[in-house]
Amino acid sequence: MPVDDPFKHAVLGSGVFYRNPRAALAWLQAAFGFEPSMLVSDGDGRLVHAEMRFGDGYIIIDSEWAEHIASPASVGGKNTQSVYVRLREDLDAHCEKARVAGAEIVEAPIDHLYGERQYRARDPEGHVWTFTQTVRVVPKEGRADEWSQHPRVAPIERRSSSHRHLEHPARPVKSLAP
C-alpha cells in the first residue's frame with residue numbers, strides 16, 4: 001500500500017555531494033537562497049542525510065559516502081552534472097548575492113536565443129550551478145536564426161565532443177574548466 005510523502009517532494013530532485021556537507025548547507029543557503037528542510041545526524045553527530053528546498057524543488061546534500069561518489073573538489077574540479085534552478089524574477093540580483101557570498105561567476109547573466117536569461121556559478125567545492133529565468137516566449141520548435149532578432153541574445157553555439165564552438169566569433173565563451 002502506498003504511503004503519502006509527508007515532505008511533499010517534487011517528482012525530481014538531485015543529490016549533490018560534498019567533502020564538507022555541513023559547510024555546503026550553510027553556503028548554499030547564504031549564496032543561493034536554498035532553505036534546509038531535513039537534517040539527519042547519527043549518534044556521533046555526523047550528517048547522514050540533508051535536504052534543501054528552493055521553491056517546489058529539492059536537493060539532497062550529502063558527503064562522499066561511497067567510492068563512486070565524489071565532490072568536484074576530489075576529482076580535479078570536473079562536473080558530471082549541473083543543477084538548473086528556475087527563478088521567477090530578479091536573476092541579476094540573485095547573481096550578485098551569489099557573487100558577494102563567494103561564488104565564482106563562470107558565466108555572467110546573459111539572454112539566450114531560446115528565451116532564457118541565465119548565469120552560471122561555481123560553489124566552493126567546484127559544483128557548477130545554472131540559474132535561469134524566462135524573459136521572453138519563443139516557439140517550442142523552430143530555427144534559432146529566426147529568433148536571433150532579439151537585441152540582447154547570446155550567439156548561436158554548436159557543441160562538438162571536445163570544444164564549444166561559436167557561430168558568432170565576436171563574443172568568446174569562457175571555459176568552465178578550472
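Biologist: R122 lies in strand 7. What makes a run a strand here?

Modeller: Strands are DSSP runs of E with at least two residues, and helices are runs of H or I with at least four, numbered from the N terminus. Strand 7 spans 116-122. The model is predicted, so local features need pLDDT of at least 70 and side-chain atom pairs count only at pLDDT 80 or more, while totals for chains, interfaces and linings use all residues. Residues are numbered from 1 along each chain as its sequence is written, and side-chain values use heavy atoms, with hydrogens and water left out.

Biologist: Why is R122 called buried?

Modeller: Its relative accessible area is 9%. Buried means under 20%, exposed over 50%, partly exposed in between (1.4 Å probe, protein chains only). R122 has 9%, so the label is buried. R122 and V106 are 16 residues apart in sequence, yet their C-alpha atoms are 6.7 Å apart.

Biologist: What is E104 called, and why?

Modeller: Partly exposed, because its relative accessible area is 37%. E104 sits in strand 6, residues 104-111. Its C-alpha is 9.1 Å from that of V128, 24 residues away in sequence.

Biologist: What does H127 touch?

Modeller: Contact means heavy atoms within 4.5 Å. Leaving out residues up to four places away in sequence, H127 touches V16, F17, Y18, S71, P72, N79, A121 and R122.

Biologist: What makes the pairing of H127 with F17 a polar contact?

Modeller: The distance from a polar atom of the H127 side chain to the backbone oxygen of F17 is 2.7 Å. A polar contact needs two N or O atoms within 3.5 Å; within protein, one must be able to donate a hydrogen and the other to accept it, and residues adjacent in sequence count only if both atoms are side-chain atoms. At 2.7 Å, the H127 pair is within that limit.

Biologist: What makes a set of residues a nonpolar core?

Modeller: Members are buried Ala, Val, Leu, Ile, Met, Phe, Trp, Tyr and Cys residues joined through side-chain atoms within 4.5 Å. The largest core here has 26 residues, and L28, F32, I61, Y119 and W129 touch the most other members. Among the elements that each supply at least two residues are strand 1 (14-18), helix 1 (21-32), strand 3 (47-54) and helix 2 (91-100). Helix 1 gives the most, 6 residues.

Biologist: Which residues does L28 touch beyond four places in sequence?

Modeller: Y18, G33, F34, M52, I59, I61 and W129.

Biologist: What makes D90 stand out?

Modeller: D90 is not glycine, yet its phi is positive, near 60 degrees. Most residues other than glycine have a negative phi. D90 lies in the loop between strand 5 and helix 2.

Biologist: How do the lining residues of the second largest pocket divide?

Modeller: Into 9 nonpolar, 4 polar and 3 charged. Ala, Val, Leu, Ile, Met, Phe, Trp, Tyr, Cys and Pro count as nonpolar, Asp, Glu, Lys and Arg as charged, the others, Gly among them, as polar. Strand 5 gives the largest share of the lining, 4 residues.
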